[in-house]
Amino acid sequence: MNHILLTIDVEDWFQVENFKNYIPFSSWPSYELRVEKNSHRILDLLDSITLEPSSLLASQLSSRKNSPKASFFVLGWLAERLPGLVREIHSRGHEVASHGYNHNLCNQQSCEDLKKDLKDSKKLLEDIIGSQVYGYRAPSFAINNDILQVIEDCGYLYDSSYNSFAMHERYGRLYLSKNENKGVAVKISNNFYELPISNIKFSIQNSKSRAQNLQLPWGGGGYFRIIPLSLFKMGVNSILNKYKAYIFYMHPWEIDSKQPRIKEASCFVKFRHYVNLHKNAYRFSSFIKYFRKDSFTTCHKYLTELG
Ligand SMILES: [Zn+2]
């Protein structure tokens with residue numbers, strides 16, 4: 001049985017790292033929150049789909065609705081303002097996890113500030129849903145092995161911040177070659193796992209006939225909006241064939257084609273942020289329906305089942 005782990009980073013369009021030069025943190029309160037409506041669209045889209053996992057018998061299929069479940073990494077700044085949304089995510093059977101408090105990059109904070117951010121954002125979400133929060137995703141995937149240790153020390157069961165695509169300037173690096181792999185999970189200690197974003201890995205021979213390992217970004221976000229859907233699905237199938245699991249990420253603003261535009265941003269930044277927003281909800285839905293015979297489960301449940 002293949003597992004697909006959908007992960008949603010719950011932040012609004014004006015909170016992304018790409019726009020930090022134009023939208024300082026101090027101005028966030030002046031913007032309309034569009035994330036609530038966009039997150040509800042995602043929740044409704046997930047609830048509208050009926051999965052047909054091959055592990056269920058036909059009699060079980062007819063007797064219960066089986067819709068995809070996802071893990072929502074919620075920014076603390078938003079959780080404080082929209083606690084009803086956080087409760088809604090939880091009550092619809094999805095996982096609530098932390099995306100930190102104010103989207104400061106982990107590698108730009110002191111260790112003390114990072115610890116406070118990790119602990120406070122976890123506690124804030126736990127108080128809202130009345131249940132334990134297990135997972136963390138670092139803003140912009142800016143992670144390293146030292147930061148990973150701090151995340152474990154702050155009481156999380158797993159981190160999902162490693163994007164191994166090396167050509168993005170902000171993504172961090174993790175060295176995990178000595179750790180045990182279980183499906184897509186990497187065991188860091190008895191009580192802590194890394195769930196890296198899924199990419200396609202392959203080797204080529206370079207001019208000196210040495211094997212060179214390369215990665216294609218296949219985990220979602222802007223790459224999902226740019227790569228043709230039929231090709232994207234083929235890539236996901238190749239990852240599932242190898243690992244029996246696949247980790248996907250997106251943001252609520254990625255289905256919001258009517259969000260305000262930042263005209264001052266560079267052409268490259270604008271392309272990365274705005275390309276194909278208008279098609280993305282349909283693509284997301286088509287993607288899930290294509291894999292409807294697989295299990296769409298939360299990160300925490302996946303780890304629990306792995307044991
Ligand atoms: Zn983010």
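This is a predicted model: local features need pLDDT of at least 70, side-chain atom pairs count only at pLDDT 80 or more; totals for chains, interfaces and linings use all residues.

Analyst: Residues are numbered from 1 along each chain as its sequence is written.

User: How many helices and strands does the secondary structure of the chain come to?

Analyst: Helices (H or I, at least four residues) and strands (E, at least two) are taken as DSSP runs, numbered from the N terminus. On that basis the chain has 11 helices and 12 strands.

User: What is the radius of gyration of the chain?

Analyst: The radius is taken over C-alpha atoms, and the globule rule is 2.2 Å times the number of residues to the power 0.38. For 307 residues that rule gives 19 Å, and the chain is close to this, so it is as compact as a globular protein of that length. The C-alpha trace spans about 60 × 50 × 40 Å along its principal axes. The radius of gyration is 19 Å.

User: Which residues of α1 are buried?

Analyst: A residue is buried if 20 or more other C-beta atoms, placed from the backbone, lie within 10 Å of its own, exposed if 12 or fewer, and partly exposed in between. Helix α1 covers residues 35-48, and on one side of it K37, D44 and S48 are exposed. The buried residues are V35, N38, S39, I42, L43 and L46.

User: Which residues touch the most other members of the largest nonpolar core?

Analyst: Such a core is a set of buried Ala, Val, Leu, Ile, Met, Phe, Trp, Tyr and Cys residues joined through C-beta atoms within 7 Å. The largest one has 69 residues, and its largest share, 6 residues, comes from strand β11 (residues 245-250). V74 has contacts (C-beta atoms within 7 Å) that include V10, A79, V96 and L125. The residues that touch the most other members are F72, V74 and V86.

User: How many bridges join β9 to β10?

Analyst: Two strands pair if DSSP finds at least two bridges between them. Strands β9 (residues 200-205) and β10 (residues 211-216) run antiparallel, and Q205 stands opposite A211. They form a hairpin with 5 residues between them, where S209 in the turn has a positive phi of about 60 degrees. The number of bridges is 6.

User: Which elements are included in what covers the buried residues of α6?

Analyst: In α6 (residues 145-153) the buried residues are I147, L148, I151 and E152. They cover an arc of only 145 degrees around the axis, which puts them on the same side of α6. Their cover includes α5, β4, β5, β7 and β8.

User: Is K279 exposed, partly exposed or buried?

Analyst: K279 is found in helix α10 (residues 277-290). Its C-alpha atom is separated by 8.0 Å from that of R225, 54 residues apart along the chain. With 14 other C-beta atoms within 10 Å, K279 is partly exposed.

Notes: The expected span of a helix is 1.5 Å times one less than its number of residues. Two residues are in contact if their C-beta atoms, placed from the backbone, lie within 7 Å. The arc is that of the directions from the helix axis to the C-beta atoms. Lists of a residue's contacts leave out its neighbours within four places in sequence.
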